[in-house]
Amino acid sequence: MKIKSVKAVIVKLPEAASKTRPTRLSWNKSAKRAMPVNIYPEYSNLPGEMPGGGLKTVWVQVTAEDGTWGLGKCAFGDPTAAFVNTVIAPIIEGQNCLAIEYLNDLTLRVSHRFGSSGTASTAMAGVDLALWDLKGKILNQPVYSLLGGPVRDSITCYATSDDLDWSQELGFTKFKITNPSHYSDGDTGIRTVVEHVAKARSLVGDGRDLMINPVMSFNVEFALRLLEQLRPYNLRWFEEPLVPTNTEGLAHLRRAAPWVAIATGEDHHGRHAFLDLVEKRAVDIIQPDLSWGGGLTEAMKAHAIAEMCGIATIPHGGANDPFGQHFAMAATESPMAEYWLGTDPGVPLEETVRIPGTAVPVEGQVKPSPEPGFGMQFESGDIADWGSN
Ligand SMILES: [Mg+2]
């Protein structure tokens, strides 16, 4: 069956059905989170104030000649939508819609000229996820079955949230917290992080996984000084401390602080970026983002590279949408998935779902819908052309 059309679209998501009143506002609305740009004090580290942070979600709709369609979600607004519509669509329209490996290779070979990461890999991700959704619908199978799964009965989730009381009330037993400091904050910044981690460890207790997420805000020297002081708190991993281009720095950090695992990957795009991390022994865990880094096909390739070297793959935000849930049901060396818990405490997770058909964790475990494709329950009327609003 041939591809009739490929286009960037807007998907109208239903309003979250919040029947329940929150007990308080989420950490997500107020917690300081440092980013690389915070070396310049005029930029805020408060949520929603980061430059480039307000771009719209891009969806991609791929329609087959019999009218069946699949949807994939990517990100970052107009540049991505333009890449989908003007670069990828003309290449793959008219091709066999089931030949995902071929279409991935074709698109990657063309996208090298555009850097094959950033906007190019984000656009590729939306298209690739839509192709998997379409293939599942045509073959009447959930995507995890097409990938050779399931390899587990359900997925163990960790909660990314500073609301540790609420995370525990929901039944999570693994936790990741924010980082408020930038390396330019020096000793004061180190003290702030140590107090933040110490408090979190006392709230969750010993014997529970606890991680911290600096999101590229450290340099090697700051990270090493901090890790010395965090050693008593037994972090399960230290996430994305450095900018993605500093692979040698990460490898140095990993060798210099062998008591903590190093994780990174949400800002690494495509299989070659992960091959570099793995070859240089810079990481213990890779964290591709399925909607930014080329899609499910690229994530499965990164997983294969990492698996052979004894490195786990735990995608960024994996448990929050059906894409990452299907990955985790089919990837052998993916021992847990991230549930980014940014909704208000007290509101049940079922009331926070934005993509209809998405399963939510119960007692820290999630199991995706076995419906065809990614199991998303959208109607044609929910979908509009990009730029039409
Ligand atoms: Mg992260």
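Colleague: Which residue in strand 2 is the bridge partner of valine 9?

Modeller: This is a predicted model. Strand 1 (residues 3-11) and strand 2 (residues 59-64) run antiparallel and are joined by six bridges. In strand 2, the partner of valine 9 is tryptophan 59.

Colleague: Which strands are the edge strands of the open sheet?

Modeller: The sheet is open and has four strands in the order 3-2-1-13, with antiparallel pairing. Neighbouring strands are turned by 40° against each other on average, direction ignored. An edge strand pairs on one side only, and that applies to strand 3 (69-73) and strand 13 (383-385).

Colleague: What angle does the direction of helix 1 make with that of strand 1?

Modeller: Helix 1 (residues 77-92) packs on the sheet and touches strand 1 and strand 2. Helix 3 (residues 119-139) lies across strand 1, strand 2 and strand 3, running at about 145° to strand 3. For helix 1 and strand 1, the angle is about 170°.

Colleague: Is helix 7 roughly parallel or roughly antiparallel to helix 8?

Modeller: The axes of helix 7 (residues 220-230) and helix 8 (residues 247-256) come within 10 Å and cross at roughly 20°. Angles under 35 degrees count as roughly parallel. Therefore helix 7 is, relative to helix 8, roughly parallel.

Colleague: How many residues of that contact between helix 7 and helix 8 are nonpolar?

Modeller: Helix 7 passes helix 8 in a right-handed crossing. Val220, Ala223 and Leu224 of helix 7 meet Gly249, His252, Leu253 and Ala256 of helix 8 in the contact. No residue there is charged and two are polar, while the nonpolar ones number five.

Note on methods. Residues numbered from 1 in each chain as written. Predicted model: local features only at pLDDT ≥ 70, side-chain atom pairs only at ≥ 80, totals over all residues. Axes fitted to C-alpha atoms, helices over the stretch in contact; angles between N-to-C directions. Helix = DSSP H or I, 4+ residues; strand = E, 2+ residues; numbered from the N terminus. Parallel < 35°, antiparallel > 145°, perpendicular 65-115°, else oblique. Left-handed = near helix turned anticlockwise from the far one by under 90°. Contact = placed C-beta atoms within 7 Å. Nonpolar A, V, L, I, M, F, W, Y, C, P; charged D, E, K, R; others polar. Pairing = 2+ DSSP bridges.
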